[in-house]
Amino acid sequence: MGRKSIREEDLVDLHGKVVLVTGGNAGIGYTTVQMLARKGAKVYMGARNGVRAAEAIERLKAENLGDGSVHWLEVDLSDPRLASQAAKEFLKREERLDILINNAGLQPNEHHFKLTHDGLLDIMVINYLTISLANRISPFVLTEALVPLMKRTAAEPGSDVRIVNVTSFRHTNVTPETLASKEALNFNLGDSMTAKVHTYGHTKLANILHIKALQTQFDAEGVRITCLAPHPGVIATPGVHRAIVAAPLGWLLARVVERLFFKSSRCGAMPVAFAAAGPEVVGPKHKEYKGAYLTPMDVIATSSKSAQDPRLQKELHETTERIVRELGL
């Protein structure tokens with residue numbers, strides 16, 4: 001299964017639909033917001049900085065949004081409490097949520113990973129704990145708080161509700177023995193680039209485990225919500241560009257390396273937009289897409305053995321719930 005190309009025109013009509021995209025003011029998130037709004041959706045751009053979000057929304061309007069609309073929602077994933085506040089604010093504004101895209105995240109090359117004041121590794125908090133949040137903590141806090149609304153939306157006739165966790169092929173770099181403790185979630189190999197990539201991969205493994213656990217939960221409950229984890233490809237995101245430019249001969253290196261080895265943010269957004277609004281997902285092969293890991297061009301791929309491990313799914317779920325309770329959320 002798969003396409004030779006994914007086109008914006010192929011996405012389903014989204015008039016009357018409400019969408020939330022975290023990390024929506026730049027890179028893959030920005031283009032995903034644009035594509036879904038052009039299909040008629042009311043899209044919330046989840047972003048921490050209101051000024052940058054406003055600038056991004058003005059750019060989107062200048063580039064043509066069709067009859068869709070984009071609205072800023074303050075979403076700060078650096079602290080699970082702030083993610084919880086963002087969910088509460090969304091619930092005040094909307095009575096439905098058709099698509100949740102957990103896109104925001106730290107890149108392995110952006111900074112030295114550190115522990116938060118809660119004793120949690122910051123990249124795990126941002127990339128999983130508050131991003132996934134739908135399976136009891138990680139992309140947990142945000143998603144979990146919004147799941148009841150998504151369930152109500154899914155109960156409506158003709159609904160097509162989806163949760164999308166943007167992941168990475170880097171999840172294959174790690175094979176954790178357990179996720180049954182806070183220490184296991186704080187997996188951090190150090191500051192070398194290789195170590196950072198593996199730490200990043202650990203968070204992206206958590207994203208897939210979360211999606212698969214969510215799908216299992218919804219199927220058991222008879223809830224019509226489809227959960228997917230797309231890998232957008234090797235993309236020249238703003239974070240990647242900043243890292244390359246910071247290196248010796250950075251500007252020259254950026255022009256050469258990005259052109260040879262990286263695809264554009266638009267290319268990266270297409271698999272994400274497809275997961276959110278691709279027609280095949282609700283077509284005859286719908287069951288194959290449930291809980292699926294997608295590579296670019298809509299290929300349903302086999303994730304790593306760790307990502308398919310029911311024990312790790314259960315351990316991650318239980319550890320995340322325990323941490324959330326300790327935080328008082």
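Okay, let's start with helix α5, where Val141, Leu142, Thr143, Leu146, Val147, Leu149, Met150, Thr153 and Ala154 are buried. Buried here means under 20% relative accessible area, with a 1.4 Å probe and protein chains only. Helices are DSSP runs of H or I with at least four residues, strands are E runs of at least two, and both are numbered from the N terminus.

Before I go on: this is a predicted model, so local features need pLDDT of at least 70, side-chain atom pairs count only at pLDDT 80 or more, and totals for chains, interfaces and linings use all residues. Residues are numbered from 1 along each chain as its sequence is written, and side-chain values use heavy atoms, leaving out hydrogens and water.

Back to α5. This helix covers residues 141–154, and its 14 residues reach 20 Å from first C-alpha to last. That's close to the expected 20 Å, which is 1.5 Å times one less than the number of residues.

Where does α5 kink? At valine 147, by about 40 degrees, shortly before proline 148. The bend is the angle between axes fitted to the seven residues ending there and the seven starting there.

Now the rings: there are two aromatic pairs. Rings of Phe, Tyr and Trp (its six-membered ring) pair if their centres lie within 6.5 Å; planes under 30 degrees apart are stacked, over 60 edge-to-face, the rest tilted.

Tyrosine 44 and phenylalanine 90 sit edge-to-face, 5.1 Å centre to centre with 75 degrees between planes. Tyrosine 44 is in strand β2 and phenylalanine 90 in helix α3, so this pair ties together parts 46 residues apart in sequence. Both tyrosine 44 and phenylalanine 90 are buried.

Phenylalanine 274 and tyrosine 289 form a tilted pair, at 6.3 Å and 50 degrees.

Methods. Buried means under 20% relative accessible area, exposed over 50%, partly exposed in between (1.4 Å probe, protein chains only).
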